[in-house]
Amino acid sequence: SRGFARRCSRGLRLPRSARAPSAGVTAFPPCRYLLCASGDFVKVYSVNTEETLRLMGGHADLVTGIQLNPHNHMQLYSSSLDGTIKLWDFMDGIPIKVSSLGFYLHLHFYPLSGPHSSVLLLVSDRFFFLWSDTFQLVSVKLTKGAGQDLESKELSVVLDGVGASVKHIAFGREGAYVVSVKDVTLQVYFFKRKLLNRFSLSTVKTKGGDNRFSCVVCHPTEDCIATGHADGKIRLWRNFHHRKEYTYSTLHWHHDIVMDLAFSVEGTRLLSGGVESVLVQWHNESSCQKDFLPRLGSPIEYISMSSDGALCCTLHTDNRITIINSNLRFSRSIQGLIKSRDVKTGLVVDPRTKALVLNGEPGHLQFYSLQSDQQLFSLDIVQRQYIHQAGLKQSDLVKVAFSAQGTWLATVEESEEVTDPELQLKLWFYSEETQSFTLNTRINTPHDNHITDMCFRDMDELGDDSLILVTTGRDCVFKVWVMVEDTDPEGKTHESVSWSCDFVGSYHNYQATNCCFSEDGSLLAVSFEETVTVWDSLTWDLKCTFCHPPGNIRNICFGRLTCSKYLIGATDYGFLCCWNLLTCALEWSAHLNIVVLQPDPLSEHIAAVSWLSKESSLFVFKPNEPRPLYIQRNLCKEKILLAAFVPRDEPETISSEKYLWLRKSQLFFLTDTQELMTLSTKSLEERLTPSSKQLAVEESLPVTPFSLLLGKHRHQQAQEDTDLGKPVVHNKQEQASPAVKELLHTPAHVLPSASFLCTIFINSLLISKENKSAEEVADEVEMESEKADGDSDEEDVTVMEQEDTSPMELLGEMTCKLSKSQEKELRKIRKMDYSWIAAF
Amino acid sequence: MAAYKPVVVQACPKLGEKITQDTLYWRGYKTPVQIKEFGAINKIDFSPVPPYNYAVTASSRIHIYGRYSQEPIKTFSRFRDAAYCATYRDDGRLLAAGSEDGSICLFDVSGKAPLRQFEGHTKPVHLVGFLSDKYRIFSGGDDYSSNLWDIPSATEIISYSEHTDYVRCGCASKVNADVFITGSYDHTVKLFDARTKSSVLTIEHGHPVESVLLFPSGGLLVSAGGRYVKVWDVLKGGQLLVSLKNHHKTVTCLCLNSSGQRLLSGSLDRHVKIYSTTSYKVVHSFNYATSILSLALSPEDETIVVGMTNGVLNVKHRKPEEKSENTQKKRQPAYRTYVKGRTYMPKQEDFCVSKPVKRVLRKYDKLLRSFQSSKALDAVLEPPIMLHTPEVTVAVMQELHRRGTLRSALAGRDEKQVNLLLTFVARRVIEPRFTPVLVTVADMITDIYQPVVGQSAIVDKQFLKLQEAIGKEIDYQEELLEVLGMMDTLFATFTKKKDTCLEENKSNGVTEIIETNMNF
């Protein structure tokens, strides 16, 4: 039972409303589930299929730690910033016990196994200093009773001045002592002897070394403490029972801070990870024997071992969990929305998959499916080895644009250097054969300075000839790129297409900032600092100019459908302007500090997000009506940087007039803290129900209640057929009797001898008229298997008969009297989850 | 988990002529054989039967050359004056030729004296040809007439006098034994049917017609005259299909290749152009020393023979097909070893273990993977890489710079290596695609090795070379900028008018907006 008591909870401040599976705590109960604290929720993943099995909500604030109950591995403790500790049955997602602890800001906790069965907590200072550094470790005695709201007030301070992070506290073998690190001090407290030993390292930074502790773990079987340091060293402490004669040895491979450490279950191997995104495995605590698992994608934040030692999992800074085999082989990864350093590309919707496209891993473009909360794929744009090292000038993706059908993708990458951005414009073609984008054209330094905006002229009806790409740059020009067909005179060998520059336009040597095509593609609007210029896309003549001084143009877009004669622009000085293209006059303007301007591709609506004194507000309007359709003040506290309309698969029925504009597409926002948010017309409960009621089907075959009913029906028909003397070939799966199932699902080493099973097996395959003998045998077997369920079954049966026969009668030809095996079947059906029906 | 990504070496697209199937095909000829004739070569005709001898008409002689002979294997010289247009019959046994005095001679290829002589033209005959029934000859003369002759009786069958100028070229249809066409200096091409009394079709070419050609199918007609080659659809009544203007002097001769897929035209501008007959675009062209008068291609395109105005016969033979000797030499593993295990289909109960695919990395990539910067730089400074693929060296330098280890990789080198480095930098720094990277490299080298300047004569010399190269480049760029400035002023004068109208437009827009603002 000691298995997982070592590392308790660990939390990570992550977006709360974000749909991204944010990282948190990982724990493997019987190596099949992975638990993870994510925002206000605890997520349960299947290790085999990587899917989210359950989402356990109930905490009112960020979940700071989760920990398996050392006495029962099917139960889980979770702690949260709202001051409660909950005990969950995570198989069913039911909270068993809630302990409210009141007013604490931070809590991480460590349930201790042992006689006193208390829970130790790391609590923030009891005074309300939000940024106070002093944290205390206190022990709390939890009452045994199973109630919903328990107050636990028995507190006793164990350690003062501990580190705030979970990584700064570790428990020794069998809970004999607790270790805490902070800055350069290591404290060890022995519970039985009530002894506190304190060890300090020198604060002097020698040779650039930084002695501060970053994490601590304890050996599971020996008295040994491993600490990680900011300079990449790992120290192994022994003999710390004595204040003077303690010893330590040093392991050094990491060149930067050691983010986390983990011992294997036996304690023979030590795993360490850091910003290098390399998992290092040290054997027998010696520095000469080590293995590496390199290129894990992004810095390692947490490392966790499963209780049986078969798997290890690392949690990365970019919101990803990697599961690694015990032989240090990459097994699989669980990832949702990858958190990138900076979303420069904006939120773009892939017309083909309707996935949200944005920066992913460094140099990659991630396609994130909103429906399944999964990353569809990651496209390597930069195609260079990423070196995880601070201070390097990395090149990254800054602009992305899709053509209307999604056949062409244009990307711009630049390095972080200010003077020489090393620009590259790449054009990718979607090949149907490989089902992915292939690089078609690469243009080095398309502009002499940073590219500010890019758009395709996307017209479905005119075909490929109309495809034009426009880029605007800070080098005061905008460039028009067209496809050039590069055919053989024969025209049959291979038709290759490449892109080249067709037109370069400029306006009074002002920097070009934004570009946008009208809906029919005939006009191009390019904003040059204060001025918006409108160009004819056929002849590239300047048609007219607009400006609304003072203030540079921040955003422009054309109206759509019935409002296509309007051009909308937002300026730095807080004006939203609407110009009429027919009269070349200002139609209306509003004083709003617009940060984001996003037109809906399927309707006339335009969403504008304003930012005023620490709150974002949303305005949805039609250009032909100066009065907005919808206003949501104080949308969120964070600054919204990007927005995107994602078309819905089918128009949603929205009763409320207020949200009618959300019928065809859904609006998503990304804030500066990289939280992805959406406007939902439903309440929180409604949204949660489908996901939280999802049930993992344990059988290897997907069994739905419908298939069971159908199977029954067919079975009866078959019986009738046999009565009539027709030979019937039975499908094996249809009559997979409990005996066969038992035979197949029981591990070989616990099965009885084959001679014993033989009769049961053969009987179960017999087609008897009455199904009597086989059923009886089957019952026996099933009874054996359901012994655990115990007595409660008896009570259910009577109720069931009344309830569940009624749907059966609908099928007709049903005998009212049920045999015992049928009752069993019915009972099984009752246990099934019917929530999926609610979806229809 | 991602695999190591090798360094991306930026390939530069090669400028200049594109290598296509056609260029490869038409380049596959040996260096030409030049044979001097007595006068301008007005006609070359290949015998349609093996061994594909060819008759060359120049001045008063007809020479017959064998395929590889540089000396004529036979000569017909019984002409009082210039001979014209010696043409083989379909079976390759008879040869007809016109002459300056207006007579047409028919020769047996194996004999010497003419078999028949057709008298009737009053002026030189520049055109002689056999109809496809083999028993009739058509001819065209400078007396504006085109005649049809019967070979057995040596009599004139019919005479057409429809042209109004010299008849200089013609061609018989291969599908219809009665049809032949003639081209004349009166700018027309006429199609005659021997069964009718007058021409069936007249096509206006627009220039004196120098050469005509019928496609084997008989449906398309090609005429050459002036600088133009025109293709006509005969079946549509002589509709112009395409007009090609690829020569800059008069086109004198036309010829189809054996497959009928390519059309060749020779011109006084010393070029032979090869067109695709599907797209009518030039797929290849040959260059010759002097103006071309006649052109012929042997069956299977084995030989191209071109006759010039100065009497030089240019003969090009096709290179023998390179039979992939290398593959024969290289011993392949036995078929059995190769196939072993490949065809095995895993059964249902088999447990498949996939073999990891071995990725082959270049040496520098292996070193970069293990972060050995100096060694990686050493690997790309080896002469074969540095000389032939400088882009690889530069790409690795760029990668090192990106990793921030370029300085340490460049440092700590001995005299020989610094010399090597500097040679490379001085030579390549002026290439625009390498300049950004190599300027940084040069900067670093000068920084690092500044203290040791003066200790080695070789290195000092290289530094001076580098300085010289950069100085030259700066001068060059300055000059370019000057030219650009001049051009700008020129362009500015051209576009002045347009600009003013834009200005007006802009001012209009702004004033309007200000007005509306005031309204608000």
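In the predicted model described here, helix α9 (residues 415–428) of chain B packs against helix α10 (residues 435–449) of chain B at an angle of about 145°, with the axes 10 Å apart. Axes are lines fitted to C-alpha atoms, for helices over the stretch in contact, and angles run from 0 to 180 degrees between N-to-C directions. Helices (H or I, at least four residues) and strands (E, at least two) are DSSP runs, numbered from the N terminus. The model is a predicted one, in which local features need pLDDT of at least 70 and side-chain atom pairs count only at pLDDT 80 or more, while totals for chains, interfaces and linings use all residues. Residues are numbered from 1 along each chain as its sequence is written, chains are lettered from A and ligands numbered from 1 in the order in which they are written, and side-chain values use heavy atoms, with hydrogens and water left out.

The crossing of α9(B) with α10(B) is left-handed, a term used if the near helix is turned anticlockwise from the far one by less than a right angle. On the α9(B) side, Val418(B), Leu421(B), Leu422(B), Phe424(B), Val425(B) and Arg428(B) take part, and they meet Leu438(B), Val441(B), Ala442(B), Ile445(B) and Tyr449(B) of α10(B). Contact here means heavy atoms within 4.5 Å. By class, this contact between α9(B) and α10(B) has ten nonpolar, no polar and one charged residues. Ala, Val, Leu, Ile, Met, Phe, Trp, Tyr, Cys and Pro count as nonpolar, Asp, Glu, Lys and Arg as charged, and the others, Gly among them, as polar.

Chain B as a whole holds eleven helices and 28 strands. Of its 520 residues, 45% count as buried; buried means under 20% relative accessible area, exposed over 50%, and partly exposed in between (1.4 Å probe, protein chains only).

Turning to chain A, three strands form an open sheet in the order β1-β2-β3, with antiparallel pairing. Strands β1 (33–38) and β3 (52–56) of chain A stand at the edges with a single partner strand each, so one side of each is left without a neighbour in the sheet. Two strands pair if DSSP finds at least two bridges between them. Six bridges link β1(A) to β2 (residues 41–46) of chain A in the antiparallel sense, and Leu34(A) stands opposite Tyr45(A) in β2(A).

Further along chain A comes strand β23 (residues 279–283), of which five of five residues are buried. Both faces are covered, with Leu279(A), Gln281(A) and His283(A) on one side and Val280(A) and Trp282(A) on the other. Strand β23(A) pairs antiparallel with β22 (residues 269–274) of chain A over four bridges, where Ser272(A) has Val280(A) as its bridge partner. Four bridges also join β23(A) to the antiparallel strand β24 (residues 290–293) of chain A, and Leu293(A) is the bridge partner of Leu279(A). The hairpin of β22(A) and β23(A) has four residues between the strands, with a positive phi of about 55° at Ser277(A) in the turn. In the hairpin of β23(A) and β24(A), six residues lie between the strands, and Asn284(A) in the turn has a positive phi of about 50°.

Some backbone details of chain B complete the picture. The peptide bond from Pro50(B) to Pro51(B) is cis, with omega near 5°, and Pro51(B) is placed in the loop between β2 (41–46) and β3 (54–58) of chain B. Tyr52(B), found in the loop between β2 and β3 of chain B, has a positive phi near 55°. Tyr52(B) is partly exposed, with a relative accessible area of 24%.
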